[in-house]
Amino acid sequence: MTATTLPEGNPELRALLRQVDKGRHRKDRVMKGLIYAAFVVAMLPLISVSWTVIVNGIERFNAYFLTHSMRGVFGGMDAGGIYHAIIGTLEITLAATLISVPIGLLTAIYLVEYGRGSLARAVTFFVDVMTGIPSIVAGLFAYALFAVLLGPGVRMGIVGAVALSVLMIPVVVRSCEEMLRLVPNELREAALALGVPRWLVVIKVVLRTSIAGIGTGITLAIARIIGETAPLLITVGVIDSINFNLFEGRMMTLPVYVYRQYSQGLVPCTPGDLACIPTINYDRAWAAALTLILIVMLLNLVGRLITRFFAPKNLG
Amino acid sequence: MAQRIDVKDLNIFYGDFRAVADVEMAVEPRSVTAFIGPSGCGKSTFLRTLNRMHEVIPGAHVQGSVAMDGVDLYGSDIDPVAVRRQVGMVFQRPNPFPTMSIAENVLAGIKLNNKRISKGDAQDVVEASLRGANLWNEVKDRLNRPGSGLSGGQQQRLCIARAIAVKPQVLLMDEPCSALDPISTLAIEDLIAELKSDYTIVIVTHNMQQAARVSDRTAFFNLAATGEPGRLVEIDDTATIFSSPRVQATEDYISGRFG
Ligand SMILES: Nc1ncnc2c1ncn2[C@@H]1O[C@H](COP(=O)(O)OP(=O)(O)O)[C@@H](O)[C@H]1O
Ligand SMILES: [Mg+2]
């Protein structure tokens, strides 16, 4: 094509098609600016937190730290790790997820596919109420529940998992509900018209269509509870050695570990004792915090991969 | 005023996939041009490039030029929003806005743009557009009822009224009758015949009789094989296409002897 200097064609029409109303252009630019500004403002704390945690935590963050517990570690010893806390966090979070996802997902299915009338309204109301429960109250509830069954002073992983479930269930219900409502009714009708019973329609069409969104919702719910501290402090307690058993004895968890190390503060070293590191507790707290952040990021990544794998593909 | 459209060397893509290749055609003003061809040959895709609706699909883009009265719609200084105000569109399935009444649906192009319009003017626009769409007599007593309460054919005419209420120069219709009964279809065909005195109309249809009845010129698109891009086989006066097409494939398709 040859570049023409004169604008060709009907000039009247050209003017009409170019008439970008000035206001729209200006608004577009202003809004763009605002959005970028908001983005930067939102990123600042995130970057600042990540930076602080990385800078402070990277020093202690190594294979030794990840594979050793705190058993027999005292004072300013250059030793100790978070293996027991990682085990605890992973097990308790997994247990909480196993409790919450079936309950939450089934509740969401009930609300979207079957729920009519006052029962559905009541369920919705109580889910909303549950969303507002302070996490310490959830911890007390779980403790009280197990104290009734097993006597006072009970501390074990499963109690913490129940406490976390109380926090997680409403989040799962809410996000799954939203995702199920996004499935167009035409798809349900199309399947029903093929003579498929309702429950199979729900499982094979509705859930299958919305599985990617549900996966994202569950990942977010896990990220929401994995950093909970207060309820675990009450229900699971603290311990320095490794405990794999959810159903017996105390366990350590990462957030509680961070809290505990931090609250122990500076070590009063005897002057001249070179093996004693005064800031060891703080260092361990930062490194554990870094680990927790990495675990959450890893979970998000896995969630994303799952989502991508299940997302409806453009077949052919 | 109705405008002519000249398409040159147009290639249309979805991401890397070239859906339509090398289209070259002229759409005459104040006439009806029909697009026919087997499913998947790119009629809808091509139609949507005429009002820059193609590019709203992520990854979709075009190469080549579409000139309206000499102005390239894909020129760098052209505002796609302004293009869509001049080139209206009616979709395959009637899609009145469910939250709006019949009158509000007709005024949607004005109201959704936050434009102010006096009550009197609004009434005039509603009446003129609904009359233009041959719907006025059927709905004049229930203008404030929801548009979704109408029959399919009425809804489609409501969508046409909505499209012409913003006074476009060109009207694109993508199989506007495929979801309608024969009586509604006739009503819409009559409407197209009336509208062509004011508008340039392009209509996609799978119905040969409809193409023969309503259009002045007919374009036949075809697909060599799946995965290949669709191409314009020929465009000519409708009478010529249906009596003595130049290309054998056109004759095969029209007479139903198609693979
Ligand atoms: N949104 C889309 N994304 C990717 N490919 C598409 C999309 N829409 C249509 N296509 C492809 O473009 C080609 C033409 O489709 P279409 O224009 O709908 O054909 P027609 O309207 O003639 O039946 C087909 O191969 C189709 O698979
Ligand atoms: Mg089509």
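**Notebook: a cavity, a bent helix and a hairpin**

I started with the cavity lining: helix 4 of chain A gives the largest share of the largest cavity's lining, with three residues. This is a predicted model, so I am reading computed values throughout.

Then I checked how many cavities there are. My search of the whole structure turned up one cavity of 30 Å³ or more, and the largest cavity holds about 30 Å³ of space.

Next I listed who lines the largest cavity. I found A:Thr89, A:Ile92, A:Thr93, A:Leu164, A:Ile225, A:Ile226, A:Leu232, A:Thr253 and A:Pro255. I sorted these lining residues into six nonpolar and three polar, with no charged ones. Helix 4 (83-114) and helix 9 (198-226) of chain A each put at least two residues into that lining.

Helix 9 of chain A got its own look. If straight, a helix of 29 residues would span 42 Å at 1.5 Å a residue, but I get only 36 Å between the end C-alpha atoms of helix 9. Where does helix 9 of chain A bend? I find a bend of about 60° at A:Ile211.

Over to chain B. Strand 1 (residues 5-14) and strand 2 (residues 17-27) of chain B run antiparallel, and I see seven bridges joining them. One pairing I noted is B:Phe13 with B:Arg18 in strand 2. The hairpin of these two strands has two residues between the strands, and there B:Gly15 takes a positive phi near 60°.

Last, I followed strand 2 of chain B to another partner. Two bridges join strand 2 to strand 10 (residues 230-237) of chain B, and this pair runs parallel. For B:Val20, I wrote down B:Gly230 as the bridge partner in strand 10.

Key. Residues numbered from 1 in each chain as written. Chains lettered and ligands numbered in written order. Predicted model: local features only at pLDDT ≥ 70, side-chain atom pairs only at ≥ 80, totals over all residues. Heavy atoms only, no water. 1 Å grid on protein atoms, 1.4 Å probe; cavity = no way out; pocket = protein on both sides within 12 Å on 5 of 7 lines; lining within 4 Å. Points joined across faces, edges and corners; volume = space filled by probe spheres on them. Helix = DSSP H or I, 4+ residues; strand = E, 2+ residues; numbered from the N terminus. Nonpolar A, V, L, I, M, F, W, Y, C, P; charged D, E, K, R; others polar. Expected span 1.5 Å × (residues − 1). Bend = angle between axes of the 7 residues up to and from the residue. Pairing = 2+ DSSP bridges.
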